[in-house]
Amino acid sequence: MKYIALIYSDPAAAPAFTSPEFGAFMASYQTANERYAKDGVLVIGEALKSTSTATTLRVRGGKAETMNGPFVESKEQLGGFYVFDCENLDEALKYAALIPAAQHGAVEVRPIEDYGR
Amino acid sequence: MTSGVDEAAIRNAIAALMRDDGGRLLSGLVANLGDFQLSQDSLQDALESALVHWTRNGLPTTPGAWLMQTARRKALDRLRRDANFRAKAPQIALVEQIIRADDNIAEDDAISDDRLRLIFTCCHPSLDAMTSVALTLRSVAGLTTPEIARAFIVSNDAMAQRLVRARHKIAQAKIPFEVPQPDAMAERLDAVLAVIYLIFTEGHSANDGQLFRADLCEEAIRLAAILANLLPDQPEIEGLAALMLLHAARTGTRLTKAGEMVSLEDQDRSGWDRERIAQGLKLVQQALARKAVGPYQLQASIAALHAESPTFMQTDWAQIALLYQGLFAFRPNPVFELNRIVAISYSQGADIAMMTLDALAQPLAGYQPYHAVRADILSRLGDRAAACLSYQRAIGLSSSEAEKRFLQRRFRETMK
């Protein structure tokens, strides 16, 4: 069963690029990624550029309407995601707990729909 | 043939069987079928068959095993009727195999006890607390959906929907049907105990003669006993069971006939249920002897000191203050601090208690008992005007009629 872990956090709450904590923060991503690879659960994992680069699109009456910014404005932004292939929710939650951003933000874990592929 | 079996008698027998054995039957089915909703539906089908067959032929020798086997056959019917039945072929084959194997044993013993797995599934932290409460009462305690709806004062449809949504989430998100790994055990057990205690407090807070809600206390006690039996040697389970028994022992003395709350000080101690107190005390001692203290054991120890004391004034308040301090260390909750201050007011004096009370004014500003405690301490210090103001605040915040009547009487007595 595949689960997506959507990482939401306030960019201001994460260790800044210039801070001494930044190195350790990135190293803990490395540790998590190595664990995912070793256990063979990682399908894909990506970080997203900041929401200031986002464009939201709607097609209404056949016409595309584009807008600057994310679909939902909030302090906590979608900053990245992982897709895990796990036996069950407990396993997925165990791996999601290793995502460093979970310590200051939140990770939403959801099963991915399987249309019998 | 003796066709004299009364349908009403069979209905009662089925209801009793479900109360005693429903959780075991359902969890056995979930283990066989791997599908919560299908298990619940098939068990319901089997109960309907049982009513027809047993009224005609009398009770079978092993009703539990009969229900289990019938439910599995009903599940097969449901699986074969499924539009998507080709995809279900492996599941169908597996269930057929289980039915064949069980035909050769057909004893109650053949139903494996998977209730522990069921309890952990129902109380999974990814479900919200109220949903876990409802699901546990339905699946483990064997209450019917209308019974649970009545206890929580919601419509039958709303409760049924909540249960269906929960089973849907269990299936879709694949919440596992298993006992958690040792590294996750403590945390997950906490979640289970919180659900059981929530069931109890829902029943215990039913002051207004809502009988059915009071039954929730009995269900919570029964669930804790089942859990303690399935997971022996866990002192926090024993602690919770003891805590609930000791509170329940006082239920009969908590209200006057006119429906006014009676404070612990004024309760008729001869009306406390001594048998329950003895059971509770034994459990506390058993738990504490395991040398792994936790919040439920501490709360049970406090309840035990109250239960053992011959009068209110002879209570070991110094010990109670220490126990609340210990509780606060586990869970820094200002309510525990408030209770510690009450104990201090009796062990060291109202003046000393008053000095520490102000620190709680802000965190507990909207909490009725804070104002009631403050009023009581102020009136004991002779400051009647300030006490009256605090009683008024408490009355304004109270949501229970029984409690309001009690506070209003105290207010009038202070005014005099």
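1. Helix α15 of chain B covers residues 334–347, that is 14 residues, and reaches 20 Å from its first C-alpha to its last, close to the 20 Å expected at 1.5 Å a residue. The expected span is 1.5 Å times one less than the number of residues. Helices here are DSSP runs of H or I with at least four residues, strands are runs of E with at least two, and both are numbered from the N terminus.

2. The model is predicted: local features need pLDDT of at least 70, side-chain atom pairs count only at pLDDT 80 or more, and totals for chains, interfaces and linings use all residues. Residues are numbered from 1 along each chain as its sequence is written, with chains lettered from A and ligands numbered from 1 in the order in which they are written.

3. The buried residues of α15(B) include F336(B), L338(B), I341(B), V342(B) and I344(B), as well as N339(B) and R340(B). A residue is buried if 20 or more other C-beta atoms, placed from the backbone, lie within 10 Å of its own, exposed if 12 or fewer, and partly exposed in between. The buried residues of α15(B) pack against α14 (317–330), α16 (350–357) and α17 (368–380) of chain B. After α15(B) comes G349(B), with a positive phi near 120°.

4. Q362(B) lies in the loop between α16 and α17 of chain B. Why is Q362(B) classed as exposed? Because Q362(B) has 8 C-beta neighbours inside 10 Å. Its C-alpha is separated by 36 Å from that of E218(B), 144 residues away along the chain.

5. Helices α1 (residues 7–33) and α3 (residues 63–81) of chain B have axes that come within 10 Å and cross at roughly 40°. The axes are lines fitted to C-alpha atoms over the stretch in contact, with angles from 0 to 180 degrees between N-to-C directions. This angle makes α1(B) oblique to α3(B); under 35 degrees counts as roughly parallel, over 145 as roughly antiparallel, 65 to 115 as roughly perpendicular and the rest as oblique.

6. Among the residues that meet are L17(B), D21(B) and L25(B) in α1(B), and L67(B), M68(B) and R72(B) in α3(B). Contact requires C-beta atoms, placed from the backbone, within 7 Å.

7. Chain B as a whole has 19 helices and zero strands. Its C-alpha trace spans about 80 × 50 × 40 Å along the principal axes. Buried residues make up 38% of its 416 residues.

8. Between the chains, seven residues of chain B are in contact with six residues of chain A.

Note on methods:
Contact = placed C-beta atoms within 7 Å.
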